[in-house]
Amino acid sequence: MAGLDNIIEQILKSSEDAAEKTLSAARKEAEELLAKADKETEQEIQAIRLRSEQNTADILARGSSGANLRYRQGLLACRQRLIQEVLSEALEHLKNLETKDYFDTVIRLAKKSALPKEGQIHFSRKDLLRLPAGFEAALNDALKETGGILHISDIPKDLDGGFILSYGGIEENCSFDALFDSERDALKDLVYPILFP
């Protein structure tokens, strides 16, 4: 019976060795699969991280660009508002000059605007009431070199500073409001470098 025991023992030993080899191979294969899965997972995590970083950078860049655009638009609006305020103040200052300075300015403007012919100059009711003595003579004396003659109309016009020249049925609006409106872009160009050097 000793031979049978030896055979059984050998079969058991062979079975245990085969089982150990199978388990060892299975463990090795499992470790390889886990290592491969870990490597793939790490690569996927890295790819997700890179995509996330890129998306974050894109979002930040768009946000920064949008904020920068809003800042520039706000700055431009502020500058335009300041320029408009300066022009409005200049216009009001011009309208409210002392009588002598006001009508000296009117003479300079009329000299630039008058045609070399006879016409009429119209003022507002307010300006007609404060016309300096001898103004028409002083005006026409200044216009001699242009060849124009202007007569002061006693019919007031609806103006808030400045005048209207009339030649027959043709009128030229030289009110301060009209002059500022027609030269607004040029005036803005003059004011801008003064305010924002």
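Predicted model: local features only at pLDDT ≥ 70, side-chain atom pairs only at ≥ 80, totals over all residues.

Trainee: Why is Ser175 called buried?
Mentor: Buried means under 20% relative accessible area. Ser175 has 7% relative accessibility, so it counts as buried. It is found in strand E4.

Trainee: What does Ser175 touch, apart from residues up to four places away in sequence?
Mentor: Ser175 touches Leu159, Gly161, Gly162 and Phe163. Contact here means heavy atoms within 4.5 Å.

Trainee: Which residues of H2 are buried?
Mentor: Tyr102, Phe103, Thr105, Val106, Ile107, Ala110 and Ser113. An α-helix has 3.6 residues a turn, so residues three or four places apart point the same way.

Trainee: What makes E3 an enclosed strand?
Mentor: Count its buried residues. Six of the six are buried, so E3 is largely enclosed by the rest of the structure. Gly162, Ile164 and Ser166 point one way, while Phe163, Leu165 and Tyr167 point the other way. In a regular strand the side chains alternate between the two faces of the sheet.

Trainee: How do you know that E3 pairs with E1 and with E4?
Mentor: Pairing needs at least two bridges. Three bridges join E1 (residues 118-122) to E3. Six join E3 to E4 (residues 170-175). Both pairs run antiparallel. Gln120 stands opposite Ser166 in E3, and Tyr167 stands opposite Ile170 in E4.

Trainee: Which residue takes a positive phi in the hairpin of E3 and E4?
Mentor: Gly168, with phi near 65°. The hairpin has two residues between the strands.

Trainee: What makes the pairing in the sheet mixed?
Mentor: Compare the pairs. E1 and E2 pair in the parallel sense over four bridges, whereas E1 and E3 run antiparallel. In E2, Ile152 is the bridge partner of Ile121. The open sheet of four strands has the order E2-E1-E3-E4.

Trainee: Why do E2 and E4 count as edge strands?
Mentor: Each has a single partner strand, so one side of each is left without a neighbour in the sheet.

Trainee: Which strands does H2 touch when it packs on the sheet?
Mentor: E1, E2, E3 and E4. The direction of H2 makes about 35° with that of E3. H4 also packs on the sheet, touching E1 and E2.

Trainee: How are H2 and H4 placed against each other?
Mentor: They pack at an angle of about 35°, with their axes 9 Å apart. H2 passes H4 in a right-handed crossing. Among the residues that meet are Phe103, Val106 and Ile107 in H2, and Phe135, Ala138 and Leu139 in H4.

Trainee: What makes a group of residues a nonpolar core?
Mentor: The members must be buried, nonpolar by the list used, and joined through side-chain atoms within 4.5 Å. The largest such core has 22 residues. Those with the most contacts inside it include Val106, Leu150 and Phe163. H2 gives the most to this core, with five residues.

Trainee: What does Leu150 contact, leaving aside its neighbours within four places in sequence?
Mentor: Its contacts include Ala110, Ile121, Leu139 and Leu165.

Technical notes:
Residues numbered from 1 in each chain as written. Heavy atoms only, no water. Buried < 20%, exposed > 50% of the residue type's maximum accessible area, 1.4 Å probe, protein only. Axes fitted to C-alpha atoms, helices over the stretch in contact; angles between N-to-C directions. Left-handed = near helix turned anticlockwise from the far one by under 90°.
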